[in-house]
Amino acid sequence: MISTETYKKIVSELLDELPEAFFRELTGGVIVSEALMIPDYARDNDLYTLGHYRVFSGVRQIVMYKGSFDRAYPQAEEDEARELLRGVLRHEFRHHLEFLAGIHDASSLEAQDEREKRAYLSKHTK
């Protein structure tokens with residue numbers, strides 16, 4: 001399991017890879033939380049939220065959940081963690097950019113996430 005310091009360092013380095021335009025109107029920035037986040041629809045605590053784009057009270061923010069990462073990838077070493085976190089971070093930035101652009105149709109990441117949620121739930125329905 002990577003340390004919190006290493007996790008934060010990786011996230012910071014990954015943020016440096018992104019164009020400045022991606023950060024437009026991301027007023028709450030990108031924060032690292034130690035929390036373990038399990039979606040309310042998860043069955044048997046088998047699904048973890050690794051990152052979350054949220055909009056609240058006019059604030060737009062990305063939260064990266066180290067506790068969830070640790071649970072999902074306990075054996076990840078730094079190089080693997082970097083690649084995994086790159087994917088999570090870019091996923092959340094796509095949510096941000098689509099939100100700013102007003103993209104909420106079937107091609108959006110929001111719609112794709114909802115389709116994946118429904119597929120997950122259909123496999124776990126008793």
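1. Arg-94 has a relative accessibility of 35%, so Arg-94 counts as partly exposed. This is a predicted model. Arg-94 pairs with Glu-98 in a salt bridge, and their closest N and O atoms are 2.7 Å apart. Glu-98 has a relative accessible area of 10%, so Glu-98 is buried. Both Arg-94 and Glu-98 belong to helix α3. They sit four residues apart, about one turn of the helix.

2. A salt bridge also links Glu-13 to Lys-9, with 4.0 Å between the closest N and O atoms. Helix α1 holds both residues, four apart, or about one turn. Glu-13 is partly exposed at 33% relative accessibility. Lys-9 is partly exposed too, at 37%.

3. Arg-118 and Glu-114 form a salt bridge, 4.0 Å from N to O. They are four residues apart in helix α4, so about one helical turn separates them. Salt bridges with shared partners also join Lys-9, Glu-13, Glu-78 and Arg-82 into one network. The structure holds twelve salt bridges.

4. Now the core. Nonpolar side chains tend to be buried together in soluble globular proteins. Here the largest nonpolar core has 19 residues. Among those with the most contacts inside this core are Tyr-7, Ile-62 and Phe-93. Helix α1 (4-16), strand β3 (59-65) and helix α3 (78-101) each supply at least two core residues.

5. Look at Phe-93. Neighbours within four places in sequence are set aside here. Phe-93 is then in contact with Leu-15, Leu-18, Phe-22, Phe-23, Leu-26, Val-30 and Ile-62.

Terms used:
Residues are numbered from 1 along each chain as its sequence is written. This is a predicted model: local features need pLDDT of at least 70, side-chain atom pairs count only at pLDDT 80 or more; totals for chains, interfaces and linings use all residues. Side-chain values use heavy atoms; hydrogens and water are left out. A nonpolar core is a set of buried Ala, Val, Leu, Ile, Met, Phe, Trp, Tyr and Cys residues joined through side-chain atoms within 4.5 Å. Buried means under 20% relative accessible area, exposed over 50%, partly exposed in between (1.4 Å probe, protein chains only). Contact means heavy atoms within 4.5 Å. A salt bridge is a side-chain nitrogen of Lys or Arg within 4 Å of a carboxyl oxygen of Asp or Glu.
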